[in-house]
Amino acid sequence: MDPRRNPFAPGAGSRPPELAGRDAVLESVAIALDRIRNGRHAQSTILLGLRGVGKTVLLNAMRRAADAEGIQTVPIEAPEGQSLPAMIVPALRTALLRIDRGQAAMTLAKRGLGALARFVKAFKLSYGELEASLDLGEVGVADNGDLESDLGDLIDLAGAAAGERGTALVLFIDELQYVPERELAALITALHRARQNERPITMVAAGLPQLAGQMGKAKSYAERLFLFTTIGPLDTTAARAAIVHPIEAEGCAIEDAAVARILEVTKGYPYFLQEWGKQSWDAADASPITIADVELAHPTALAALDDSFFRVRFDRLSPAEKRYLRAMADLGDGPFPSSAIADHIGRKASAFGPVRASLIAKGMIYLPGYGETAFTVPLFGAFMRRAMPGEGRGG
Ligand SMILES: Nc1ncnc2c1ncn2[C@@H]1O[C@H](COP(=O)(O)OP(=O)(O)OP(=O)(O)O)[C@@H](O)[C@H]1O
Ligand SMILES: [Mg+2]
């Protein structure tokens, strides 16, 4: 069918034509943010999930909804290897400027900008246009060079600035698992302090499953401060809706058997649903899309995933990491007992400590339960078997 009208949107962070199955979590976050703006208590939400389940698009949807409610939102992505201070400064600056817009008086937002300038100086970050605000800052606020207390000052002041204007400030942080433990601890402490001071500021964050453990390790009270919500594959009803509704919205149809086949191969993973939806649409000559069209699309969909979703992750691996993952793939799709992987390669488990640590840091594997290891990327085992055929047992 006409590729120009193909509604599907596979791709990291690509807004899906239908955000299926996420109403409950959207609603619970909307309620929490509204409560915080109204000076009430609510936990910050942390979305945990594997690659491609839709964490980024969910964060974006939550942010758009909050924006529409007049809440000040700050999007932050935590890229691997960048420090938290470096990424939070520009984001807070934008938010404070927005909060201060049209105000001639000396507002808390202006004091916040001054504190930000002193923070930048204390942490030797790059100034940019903040230098002009330096004289608005107060000596001893956010400029002591101790991340935990300085970030606390900043977050507290930013929250107070939002409160002064009758709004709330929400940090939306994606890929939070990349923030190192010490910085994560500072962020948690800062949010905790702002909460105790009843400031209308909070965070909604997303990350890989290991983030829950990282946060608990950084600050043991993180479990009480945050609400951890697992974002998984879509259930049957939602997965059907994700495929059927966008097709119907284009005035076309898809046969039930074709939908069932797509659900079977994708296991309801949002990224894969988008890819199979897209390729099945393109493979079909006319509406309705049939199971034969889905079968025809299968190799193209797999190849598209191999070239994008899987390949970008594979290319970041060292030879030893690839060998370990390839050995895992021999065992199936996981989770596996960690000892079984070492047994399969025929070496002692202790030999793989460093490789496992770097695979966890890169977000390729995680430990779903005690003594267990799993891929963070769904269907990655099958990909490894395609990418490195005949190389089992870790070489
Ligand atoms: N609820 C949903 N319904 C249908 N499609 C969805 C849904 N959520 C996400 N998608 C689609 O899934 C794909 C992946 O989404 P997204 O990039 O948000 O995942 P992610 O969890 O952030 O992945 P990563 O961990 O790799 O960053 C996108 O193509 C998006 O359009
Ligand atoms: Mg993402």
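This is a predicted model: local features need pLDDT of at least 70, side-chain atom pairs count only at pLDDT 80 or more; totals for chains, interfaces and linings use all residues.

Reader: What percentage of the accessible area of ligand 1 does the protein cover?

Author: On its own, ligand 1 has 640 Å² of accessible area, and the protein covers 97% of that.

Reader: Which residues come nearest to ligand 1?

Author: There are 27 residues around ligand 1, and those that come nearest are Ala-9, Gly-13, Ser-14, Lys-55 and Thr-56.

Reader: Turning to the helices, at what angle do the axes of H13 and H14 cross?

Author: The axes of H13, residues 319-330, and H14, residues 338-345, cross at roughly 100° and come within 9 Å. The two helices are therefore roughly perpendicular to each other.

Reader: Which residues make that contact?

Author: H13 contributes Tyr-324, Ala-327, Met-328 and Asp-330, while H14 contributes Ile-341, His-344 and Ile-345. By class, the residues of this contact comprise 5 nonpolar, 1 polar and 1 charged.

Reader: Now the backbone. Is the peptide bond from Gly-334 to Pro-335 cis or trans?

Author: That bond is cis, with omega near -5°. Pro-335 sits in the loop that runs between H13 and strand E6, residues 336-337.

Reader: And what is omega for the peptide bond from Ser-287 to Pro-288?

Author: Omega is near 0° there, and the bond from Ser-287 to Pro-288 is cis. Pro-288 belongs to the loop between helix H11 (270-283) and helix H12 (291-314).

Reader: Lastly, is phi of Glu-198 positive or negative?

Author: Phi of Glu-198 is positive, near 55°, and this residue is not a glycine. Glu-198 is located in the loop between helix H6 (181-196) and strand E4 (201-207).

Definitions and conventions. Residues are numbered from 1 along each chain as its sequence is written. Chains are lettered from A and ligands numbered from 1 in the order in which they are written. Side-chain values use heavy atoms; hydrogens and water are left out. Axes are lines fitted to C-alpha atoms, for helices over the stretch in contact, and angles run from 0 to 180 degrees between N-to-C directions. Helices (H or I, at least four residues) and strands (E, at least two) are DSSP runs, numbered from the N terminus. Angles under 35 degrees count as roughly parallel, over 145 as roughly antiparallel, 65 to 115 as roughly perpendicular and the rest as oblique. Contact means heavy atoms within 4.5 Å. Ala, Val, Leu, Ile, Met, Phe, Trp, Tyr, Cys and Pro count as nonpolar, Asp, Glu, Lys and Arg as charged, and the others, Gly among them, as polar. A residue is near a molecule or strand if one of its heavy atoms lies within 4 Å of it. Accessible areas come from the Shrake-Rupley method with a 1.4 Å probe; for residues, only the protein chains shown count as cover.
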